[in-house]
Amino acid sequence: MRVSGSTAVVHLNYWGLTSGSIYRRIYAAQGGGSPVVLFDFDAQDRNYPTQRTSDGGYTWNMQASDLTALSNGTVFVSIGTSNNP
């Protein structure tokens with residue numbers, strides 16, 4: 001992830017899964033509550049494919065709360081698969 005101001009370019013690479021992915025998302029952990037989706041890679045592929053960068057990255061226009069979560073270290077990537085949703 002490369003962050004400039006409130007925009008990030010995210011490159012996601014993964015391998016070795018036992019089945020295909022059904023979702024790929026960035027979440028922020030909430031103290032005691034359910035994690036909040038900050039960015040959905042699949043939604044961008046479906047709805048805004050032209051926002052992909054020329055090198056295959058994803059453009060994430062972040063909110064102030066997203067930047068705070070990044071600074072606090074509460075952000076994580078989750079990849080759900082058919083075998084392990």
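1. The side chains of Asp40 and Arg25 form a salt bridge with an N to O distance of 3.3 Å; a salt bridge is here a side-chain nitrogen of Lys or Arg within 4 Å of a carboxyl oxygen of Asp or Glu. The pair links distant parts of the chain, with Asp40 in strand S4 (residues 33-40) and Arg25 in strand S3, 15 residues apart. Arg25 is partly exposed, because its relative accessible area is 24%; buried means under 20%, exposed over 50%, and partly exposed in between, with a 1.4 Å probe and protein chains only.

2. On the basis of these values: this is a predicted model, in which local features need pLDDT of at least 70 and side-chain atom pairs count only at pLDDT 80 or more, while totals for chains, interfaces and linings use all residues. Residues are numbered from 1 along each chain as its sequence is written, and side-chain values use heavy atoms, with hydrogens and water left out.

3. On the overall architecture: the chain contains two helices and six strands, in the sequence order β-β-β-β-α-β-α-β. Helices (H or I, at least four residues) and strands (E, at least two) are DSSP runs, numbered from the N terminus. Along the principal axes, the C-alpha atoms fill a box of roughly 40 × 35 × 20 Å. Of the 85 residues in the chain, 29% are buried.

4. On contacts and surface: among the contacts in the chain with a separation of 6 or more, 60% are between residues 24 or more positions apart, where contact means heavy atoms within 4.5 Å. The accessible surface of the chain is about 5300 Å², and carbon and sulfur atoms contribute 48% of that area. These areas come from the Shrake-Rupley method with a 1.4 Å probe; for residues, only the protein chains shown count as cover.

5. On charge: the chain carries 5 positive and 5 negative charges, whose mean positions are 2 Å apart. Lys and Arg count as positive and Asp and Glu as negative, whereas His and the chain ends are not counted. The place of a charge is NZ of Lys, CZ of Arg, CG of Asp or CD of Glu.

6. On the salt-bridge network: the structure holds four salt bridges, and Arg24, Asp42, Asp45 and Arg52 are linked in a network of them. Asp42 pairs with Arg24, the closest N and O atoms being 2.9 Å apart. Asp42 lies in helix H1 (residues 41-47) and Arg24 in strand S3, so this pair ties together parts that are 18 residues apart in sequence. Asp45 also meets Arg24 in a salt bridge, at 2.7 Å from N to O.

7. Asp66 lies in helix H2 (residues 64-72) and is buried yet has no salt bridge; the nearest side chain of opposite charge, Arg25, is 14 Å away. A polar atom of the Asp66 side chain does lie 3.0 Å from the backbone nitrogen of Gln63. A polar contact is a pair of N or O atoms within 3.5 Å; within protein, one must be able to donate a hydrogen and the other to accept it, and residues adjacent in sequence count only if both atoms are side-chain atoms. Not counting residues up to four places away in sequence, Asp66 touches Leu38 and Trp60.

8. On Trp60: this residue, in strand S5 (residues 58-61), is buried, with a relative accessible area of 2%. Beyond four places in sequence, Trp60 touches Met1, Ser6, Thr7, Ala8, Val10, Ile26, Leu38, Phe39 and Asp66. The C-alpha atoms of Trp60 and Gln44, 16 residues apart along the chain, are separated by 9.2 Å.

9. On Ser19: the loop between strand S2 (7-10) and strand S3 (21-30) contains Ser19, which counts as buried because its relative accessibility is 17%. A polar atom of the Ser19 side chain lies 3.3 Å from the backbone nitrogen of Ser82. Leaving aside neighbours within four places in sequence, Ser19 is in contact with Thr81, Ser82 and Asn83.
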